[in-house]
Each structure stands twice: as structure tokens, then as C-alpha cells.
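Hi,

Here is the structure I said I would pass on.

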Amino acid sequence: QVQLVESGGGLVQAGGSLGLSCAASGPIFRIIVMGWYRQAPENQRELVATLTGGAIANYADSVKGRFTISRDNGGKAMYLQMNSLKPEDTAVYYCNARIYDTPTTWDEYWGQGTQVTVSS
């Protein structure tokens, strides 16, 4: 079974920076796309950033220019560098991946979530 494990997050003042990490493990034949989503209280889960296997990045308008998504050379670890954080960035951040877990079939996986709190 594929697992996604997040680390990082925490409490930071507005204007500060935080980094998140996500490590994928298990039967991984190919990663189609990895990304970060977030969910604030009483809000729907929303896309923050995604990164395809071809290294094409996509960002939500609200984080463009402040957040950077990246993956390591092996491709099974993903990072989100968050700069110039705002109180409205406060949310639970989830790692997401679409992965071929057999040679012919893929599935979507989620991490357990990590809290990011930005104080004003």
C-alpha cells in the first residue's frame, strides 16, 4: 500500500516562512502528479500547488510568488516552501499524489495532513 507522510508545518508569524515535506513509500511504479492541498475550518479543500512528473508546476493564484513546490531527484519526496505567509494561509495542508501502484493501474493517495497556523 502506498503511503504519503507529511512533515513540517507549525506556528509562524505573518511574513514568516515554513517548509513542508511529503515522502511517498510503497509499491510505486510511476508518479503522475504530486501536489499540496489545504483546508481551513468551514472551507472546502482547495488546491495549493501541483507538480507533474515532467516538472510542470501549477499554483493557486493566492500563493503565486510566495510558495514554491519541488521534488527530489528520486521523485518520491515533495516539498513546499512557503514564504511571506499570511493569516489566511492558516489551514491543514495535505499531500496528494496520483501514482501507478501497478504497471497498469493508478490510484489517488492522501497524506494525513499537517497544521499550518499563521498569526497576525
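One thing I checked was a pairing within the sheet: in β8, Ser-70 has Tyr-79 as its bridge partner. Keep in mind that this is a predicted model, where local features need pLDDT of at least 70, side-chain atom pairs count only at pLDDT 80 or more, and totals for chains, interfaces and linings use all residues. Residues are numbered from 1 along each chain as its sequence is written, and side-chain values use heavy atoms, with hydrogens and water left out.

That pair belongs to the contact between β7 and β8 (residues 77-82), two antiparallel strands joined by five bridges. Strands here are DSSP runs of E with at least two residues, numbered from the N terminus, and two of them pair if DSSP finds at least two bridges between them.

Zooming out, the open sheet has four strands in the order β1-β3-β8-β7, with antiparallel pairing. β1 (3-8) and β7 (67-71) each have a single partner strand, so one side of each edge strand has no neighbour in the sheet.

Then there is the disulfide (a pair of cysteine sulfur atoms within 2.5 Å). The structure has one, between Cys-22 and Cys-95, with S to S at 1.9 Å. It links distant parts of the chain, 73 residues apart: Cys-22 sits in β3 (residues 18-25) and Cys-95 in β9 (residues 91-100). The torsion about the S-S bond of Cys-22 and Cys-95 is about -70°, so this disulfide is left-handed.

Cheers
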